[in-house]
Amino acid sequence: MNAVLLAADGVNVAQNIGFGIIAAGMIFAALCVVSTKNVVHAALWLVVVLGGVAAQYVLAAAEFVAVSQVMVYIGAVMVLFLFGIMLTRAKIGEESGLNNKGWAIGIPVAVVLFGLLAWAVLDTYGDDTIAEPQLTGANNESTVDIADRVLSPYLAPFFGMTFVLLAAAIGAIVLARKD
Amino acid sequence: MLAAEEVQHALDLSSGWFLENLWLVALIPAVAFALIMMFGKKMPNGGSEFGLASMAASLVIATGAGIQWMARVNSGDAEEGGEHAIGLLQTFGRSLPRASEGGEVEPFIEPVVTSWVWWQNSGLEFGIGSFADGLSVLLLWLVAFISLLVQIFSIDYVRDDRRYTQFFGALTLFSAGMLVMVMAENMVQLILGWEIMGLCSFMLIGHWWEDAANSKAALKAFFTVRVGDIGLLVGTAVIYFASSDWIAENSPGANGFDIAAIQAWALSGDSSASGAAILVGATALFIACIGKSGQFPLHTWLPDAMAGPTPVSSLLHSSTMVVAGVFLVARIYPVFWEAFNIANGGLSFIAIIGAITIVIAALLAFVQDDIKKVLAYSTVSQLGYMMLGLGTGAWLPAVFHVFTHAFFKCCLFLCAGSISHSGSHHSFDMKKDMGGLRKKMPVTFAAWCVSTLALTGVFPFAGFWSKDEIIDNVGNNGYTVLMWVGLFGAALTAMYMTRSTYLTFFGEPRGAAAGHHFEDHVGDHDLTVEEHEPELAMAGGPMVDVHDEPTPRSLSAAANVDTVDHGHDDGGHDDHHGEDHGPHESGKLILVPVVILAFLATFSGFTNATPLGESWEYVKKYVEPRPVAVAIESIPHSGPGEGVSYFVPGIAEADEGDEGGDHGHSEGCGLTTPPEGSACFFPAVTHATPTLAKIALSLVVVAIGYAIAISFCLAFYKRRDKRLVGLTERSRVARAGHKFLVNKYYLDALYENVIVRAVAHPIANAAYWVNQKVLDATVDAVGEGGKRTGQWVYENIDQKVVDGAVNGSGTVASETGHGLQRTQSGKINQYGGLLFGAAAVAAIVLVIVNVG
Amino acid sequence: MLAANFLLLAAVLFCIGVFGVIARRNAVMVLMSIELVLNSVNLNLVAFALMNDDVDGQVFALFVIAIAAAEVGVGLAMVLLIYRNRRSISLDELSELKG
């Protein structure tokens with residue numbers, strides 16, 4: 001799928017090749033996440049997917065989001081997952097019955113959904129090319145822009161976010177503590 | 001990065017290392033705080049050595065800065081006074097100096113500003129740094145000095161306290177916060193320091209939080225000040241937005257937070273600086289000062305704050321932190337000057353609040369039995385004087401009063417601490433546990449007397465020079481009524497101080513002062529320890545430093561719990577004075593600071609002895625900014641850490657008149673608009689010319705106060721005069737007045753019962769009422785209506801008409817339901833599958849419909 | 001680069017995530033699948049930011065990351081609670097809602 005698109009493009013080969021390789025790896029890893037029989041392996045494959053997403057962010061000139069992705073997901077969320085797995089005493093190893101009885105119904109649903117999304121995307125953006133992302137390392141304008149946006153027009157959502165995080169932290173403590 | 005470049009100023013003003021590295025004064029205590037918290041417990045003296053060393057270092061730097069500032073002023077004067085003045089003006093782009101009375105020229109001495117960019121947002125830069133001018137250098141030195149003495153005092157005073165390390169940590173952090181605020185070069189930094197102080201005040205008042213009264217007092221102080229602090233934020237924001245345009249136009253490097261820029265803006269005569277905005281901003285800022293400086297009606301927290309250890313009371317709640325509000329007004333005085341129209345004798349909010357505070361606090365001091373509360377109300381009253389001075393244009397006397405008041409009030413508090421530590425066995429109750437201590441504690445008694453004389457303004461002690469200056473200038477600026485209020489307050493001061501002096505040091509020893517309390521106390525000592533043992537293990541667990549020799553420390557900690565039971569007790573029972581029961585003189589570490597302060601309380605007034613002639617007015621010369629219009633040309637912001645100058649003084653239009661020292665002037669900074677392209681940084685305040693008659697008047701007033709009070713004390717406390725004893729029982733007026741005072745004008749009751757209740761209860765009640773009456777009634781009505789309708793439908797339609805049909809369809813529905821029941825599996829995955837599947841199908845349908 | 005690249009990749013991830021949500025029985029695995037879905041949305045947001053040359057999309061992506069962190073925290077706490085009460089985190093045993 002992507003190979004076809006790559007061939008049709010050819011604006012920046014290196015970038016497209018990079019995208020393709022990472023994308024292929026991500027899709028493979030994502031499939032492993034939902035198909036492996038080992039819970040810990042699933043978590044580790046998820047790391048690959050999330051790292052790939054971070055790499056795609058870098059390609060899309062969103063360095064700050066990429067760094068946040070690495071720190072929040074790979075740094076924090078994955079640790080949470082691993083602790084969750086350990087604390088729920090999942091078997092470290094293969095486990096039968098990780099899937100539902102009716103798991104097969106997921107396949108048609110996913111395929112139909114993908115067909116629909118792909119059709120919508122190609123119908124709308126099929127021929128659009130995007131401007132060369134400026135991979136500026138030193139003069140990182142986008143980070144400054146993000147800071148300005150977050151602290152000026154999106155200040156209220158930002159504050160809202162802080163309350164959500166606080167509530168989530170307290171909620172998680174209340175739920176998980178033993179008393 | 002740290003070494004600031006020698007800044008080349010327009011005028012060859014001398015500068016120096018200390019002035020340019022003034023930020024070290026605040027940084028050193030901040031670092032010391034971190035060291036105390038991290039390593040304090042491991043140090044042989046529990047971390048106090050860090051605090052003392054840092055305060056000593058700060059004091060050295062502040063002293064150096066003071067000397068260099070004086071040299072700078074002198075160099076400016078010499079430069080301008082010379083015959084080559086005009087030549088220099090053009091060369092260095094200086095202002096035209098104004099001619100003072102003596103024909104000398106007094107140039108504007110540019111402050112030494114050093115600044116770093118702290119953070120920036122959308123091109124708006126917030127600096128942090130130091131702003132060295134006379135006012136800040138004076139107060140930096142004062143804070144460092146008093147802090148050092150109080151820390152020395154505390155070594156002995158809180159020895160063996162279980163939170164000894166935390167105590168010194170908070171004390172040092174407080175000093176850092178105060179120093180940050182005093183040297184603030186912009187409002188954001190000022191707020192930072194202000195809030196650090198508020199936090200430390202909370203921590204230190206509640207130092208013995210095991211006692212509910214203490215933690216309540218801490219909370220009260222915190223919340224009351226917080227009410228005012230909202231004013232600080234609002235005021236800063238208002239001033240920022242009001243001044244932004246003018247500042248952006250005239251000084252692109254600066255913004256509406258920079259203090260120099262705000263000063264220049266306020267006096268610019270620009271339309272933005274004379275409308276409602278500046279009035280709102282100044283009022284909001286002054287509300288913050290009311291909270292912090294304990295002015296009426298938010299003064300109620302300050303006396304309660306005396307629940308903290310005595311060193312805290314003497315440092316925070318008398319000499320330094322509470323003058324933060326006064327400092328704020330003095331720092332951006334042009335704003336208040338313009339907003340309240342002080343120049344033209346406007347009856348300002350500040351002056352009125354100050355005057356009210358003087359009298360009501362002084363009256364309250366009469367009914368206190370707790371020696372520290374007397375001093376607390378006295379502090380409130382003296383802060384009222386400072387505010388009165390600022391509100392009436394007597395800037396210099398007010399600042400000078402801050403300076404002298406710090407010495408004698410701190411000394412009085414330390415004396416009170418010394419008494420409770422060694423004389424009255426940790427009690428502060430003058431009526432129960434003191435009396436006749438003058439022979440037992442001669443040094444403390446002498447220091448107390450000197451400070452009392454200074455406080456009441458007796459010649460030649462410090463308070464005389466500052467307080468009388470305020471009163472004199474208030475009258476001179478045309479506020480005759482307020483001047484009499486000030487004089488009345490001075491008489492009251494003399495009276496309540498006489499009362500407390502008499503109760504403490506004269507008469508028969510009572511209670512602990514006679515040694516009684518002590519024996520009783522020993523009796524129940526063990527009991528209390530036992531009682532509190534389990535509680536200790538829990539509450540004091542992490543605080544008590546449990547290492548190899550647990551006994552002495554935990555024992556003294558236990559003793560502390562016991563002190564807590566006495567309410568106003570101070571901590572650290574000294575087991576070392578276990579043998580000699582009864583009052584005795586305190587140790588050296590306590591007496592040395594007391595004596596130093598008493599010395600300064602005697603002589604510090606001579607630093608600005610106006611009545612002795614102009615050559616004695618050192619504070620005026622070095623501290624008061626010169627009200628000179630200086631031409632401004634903006635320069636770009638310099639690099640980080642370098643000296644910055646938002647306004648380079650250039651040559652001003654030569655139209656300055658004689659806005660010199662005489663009153664009745666009508667021109668000058670703050671009175672007329674400065675010439676185009678120039679700015680003023682300080683208004684032309686007037687200075688009263690002292691006359692013998694005025695001095696005599698105030699001394700006579702004080703003498704009358706003393707005479708009345710001494711004769712009353714002798715009659716009431718010594719001879720138990722029948723006409724006076726029991727007066728409050730016999731006379732209704734006296735009883736009502738006494739009750740009114742004892743209840744502190746019912747302000748606490750007003751706040752707690754009326755305001756809090758008025759706010760909290762009606763909302764709750766209204767919500768409940770709405771809930772009960774409106775919502776429930778609606779629901780009930782709807783339910784009732786539904787029930788009736790249903791009944792009717794049931795009886796008429798359902799039963800008769802539909803029943804037959806329903807029975808048939810019911811069967812069908814039941815069948816369908818059973819069929820669909822299988823989808824209601826309760827399994828999340830299945831629901832998810834259905835959800836996404838249904839979404840996909842619906843989307844496909846939509847696509848087909850739209851595309852087709 | 002074609003605009004559709006990022007969007008198609010996101011669509012693939014999204015559908016894989018949806019499959020995971022439907023197919024998995026272990027609650028932790030379901031949460032992981034939800035992470036896949038959220039990440040695909042983020043990828044879309046960043047791609048739109050790139051296409052419109054506007055950082056608003058990145059800002060929203062950051063918000064989503066923060067929300068996702070909160071969601072995982074609460075979600076895993078709930079899983080832990082369920083495990084403690086039932087000694088199992090198998091979702092098909094949680095069927096109190098069965099009609």
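Ile470(B) lies in helix α20 (residues 462-476) of chain B, where helices (H or I, at least four residues) and strands (E, at least two) are DSSP runs numbered from the N terminus. The model is a predicted one, in which local features need pLDDT of at least 70 and side-chain atom pairs count only at pLDDT 80 or more, while totals for chains, interfaces and linings use all residues. Residues are numbered from 1 along each chain as its sequence is written, chains are lettered from A in the order in which they are written, and side-chain values use heavy atoms, with hydrogens and water left out.

Ile470(B) counts as buried because its relative accessibility is 0%; buried means under 20% relative accessible area, exposed over 50%, and partly exposed in between (1.4 Å probe, protein chains only). Apart from neighbours within four places in sequence, Ile470(B) is in contact with Tyr385(B), Met386(B), Gly389(B), Pro397(B), Ala398(B) and His401(B), contact meaning heavy atoms within 4.5 Å. The C-alpha atoms of Ile470(B) and His687(B) are 10.0 Å apart, although 217 residues separate the two in sequence.

Helix α17 (residues 395-423) of chain B packs against α20(B), the axes coming within 9 Å and crossing at roughly 150°. Axes are lines fitted to C-alpha atoms, for helices over the stretch in contact, and angles run from 0 to 180 degrees between N-to-C directions. The two helices, α17(B) and α20(B), are therefore roughly antiparallel (angles under 35 degrees count as roughly parallel, over 145 as roughly antiparallel, 65 to 115 as roughly perpendicular and the rest as oblique). The crossing of α17(B) past α20(B) is left-handed, that is, the near helix is turned anticlockwise from the far one by less than a right angle. On the α17(B) side the contact includes Pro397(B), Ala398(B) and His401(B), and on the α20(B) side Trp465(B), Glu469(B) and Ile470(B) are among the residues involved. The contact residues of α17(B) with α20(B) comprise 7 nonpolar, 5 polar and 2 charged; Ala, Val, Leu, Ile, Met, Phe, Trp, Tyr, Cys and Pro count as nonpolar, Asp, Glu, Lys and Arg as charged, and the others, Gly among them, as polar.

The crossing of α7(B) past α12(B) is left-handed. Cys200(B), Ser201(B), Leu204(B) and Ile205(B) of α7(B) meet Val312(B), Leu316(B) and His317(B) of α12(B). The residues of this contact between α7(B) and α12(B) divide into 5 nonpolar, 2 polar and no charged.

Thr236(B) belongs to helix α8 (residues 212-250) of chain B and is buried, at 4% relative accessibility. Beyond residues up to four places away in sequence, Thr236(B) touches Met187(B), Ile191(B), Phe257(B) and Leu285(B). Thr63(B), in helix α3 (residues 48-81) of chain B, is partly exposed, at 31% relative accessibility. Thr63(B) and Phe145(B), 82 residues apart along the chain, have C-alpha atoms separated by 9.3 Å.

Chain A contains 7 helices and 0 strands. Of the 179 residues in chain A, 37% are buried. In chain C, helix α1 (residues 3-23) has 21 residues and reaches 31 Å from its first C-alpha to its last, close to the expected 30 Å (1.5 Å times one less than the number of residues). Helix α1(C) is largely enclosed by the rest of the structure, because 21 of its 21 residues are buried.
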